[in-house]
Structure formats: C-alpha cells, structure tokens
Amino acid sequence: MDCLFCKIIAGEIPSKKVYEDDRCYGFYDIDPQAPVHFLMVPKAHISGPDAVNEENAAVIGHIYAVIASLARELGLENGYRVVANCGKDGGQTVGHLHFHVLAGRGLAWPPG
Ligand code: 5GP
Ligand code: ZN
C-alpha cells in the first residue's frame, strides 16, 4: 500500500517523533501551523475519519488519552486543539487517519 504515513510509521521516511507505543505514533508536522503542531496516527492503517467503525474505533480513545498526557508533559497549559480533517471539503490531504494537535497560540474559531 502506498501510504505516506504508513511509511513514516515504518521509519522508511524520516520524521521527528514526539511519541510512540504499540498502537500509535506521534510526529511533528513538516509544515507547522502553530508553534506546537504534531500529528498522532494509529499504527494500523485507517484511511480517514470516514473509515472509523465499531471494530477499529478503540485506538481513537487511546490516542486522545495519549494527547492529554503529552499536553501535560509539553506544558500546553493554555490549551490546544485536536483536529481530524476528512475528505476534500474537510481539507484532508493524506489518506491515513491523523489527529493534528495545535498549540502555542490562540486559534481562530470557526476555522476558515
Ligand atoms: P491533512 O491536510 O491531511 O489534514 O494533514 C496532513 C498533514 O501532514 C499536513 O499538515 C502536512 O503538513 C503533513 N505532512 C505531509 N507530508 C508530511 C511529511 O512527509 N512529514 C511530516 N512530518 N508531515 C507531513
Ligand atoms: Zn497508512
């Protein structure tokens, strides 16, 4: 399967790791949109938010728990945003489910 984030998880494409365990991988975004911007991805390939189902959804709860823990470690006490883009209108450009974690500045709402 030709998936950019599967290759990053496998170490075939280098990335700046922020977290790793048996189920998920976290790495800094190559084009940061905030002073802190990393991506959390399940190691198992899920093509996007629209491919989540009752069988593969448990990893998402795990990822949110990891993000909360990382946020404390990284000192994101002013808050952060977790975003999963889906499809063309949602702005998804990589077909492997990923959660953006953005922090370090005030973030506009609603997004553009
Ligand atoms: P999306 O647009 O699908 O929500 O998010 C994809 C994100 O992946 C973008 O923020 C983009 O900057 C990031 N990205 C794309 N290619 C690479 C890469 O090779 N390495 C890293 N670290 N991030 C990437
Ligand atoms: Zn993948």
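## Burial at H37

A residue is called buried when its relative accessible area is under 20%, and exposed when that area is over 50%. In this predicted model, H37 has a relative accessibility of 4%, so H37 counts as buried. You will find H37 in strand β3.

What does the side chain of H37 meet? A polar contact of 2.8 Å joins it to the side chain of H100. Beyond its neighbours within four places in sequence, H37 also touches residues on either side of it in the chain: Y28, D29, D31 and P32, along with H100, V101 and L102.

## The zinc site

Now for the metal. Which residues coordinate the zinc ion (ligand 2)? Two cysteines and two histidines do: C3 and C6 each through SG, H45 and H96 each through ND1, at 2.0 to 2.3 Å. The angles among these four donor atoms run from 104 to 115°, and the site is tetrahedral.

Along the chain, the donors of the zinc ion (ligand 2) are spaced as C-x2-C-x38-H-x50-H. Within this set, C3 and H45 link distant parts of the chain, being 42 residues apart. C3 belongs to the segment before α1 (4-9), while H45 sits in the loop between β3 (36-42) and α2 (58-74).

Note on methods
Residues numbered from 1 in each chain as written. Chains lettered and ligands numbered in written order. Predicted model: local features only at pLDDT ≥ 70, side-chain atom pairs only at ≥ 80, totals over all residues. Heavy atoms only, no water. Donors = N, O, S within 2.8 Å, 3.2 Å for Na, K, Ca; no water. Tetrahedral: all angles 85-135°; square planar, octahedral: opposite > 155°, others 65-115°. Helix = DSSP H or I, 4+ residues; strand = E, 2+ residues; numbered from the N terminus. Buried < 20%, exposed > 50% of the residue type's maximum accessible area, 1.4 Å probe, protein only. Polar contact = N/O pair within 3.5 Å; in protein donor to acceptor, adjacent residues only side chain to side chain. Contact = heavy atoms within 4.5 Å.
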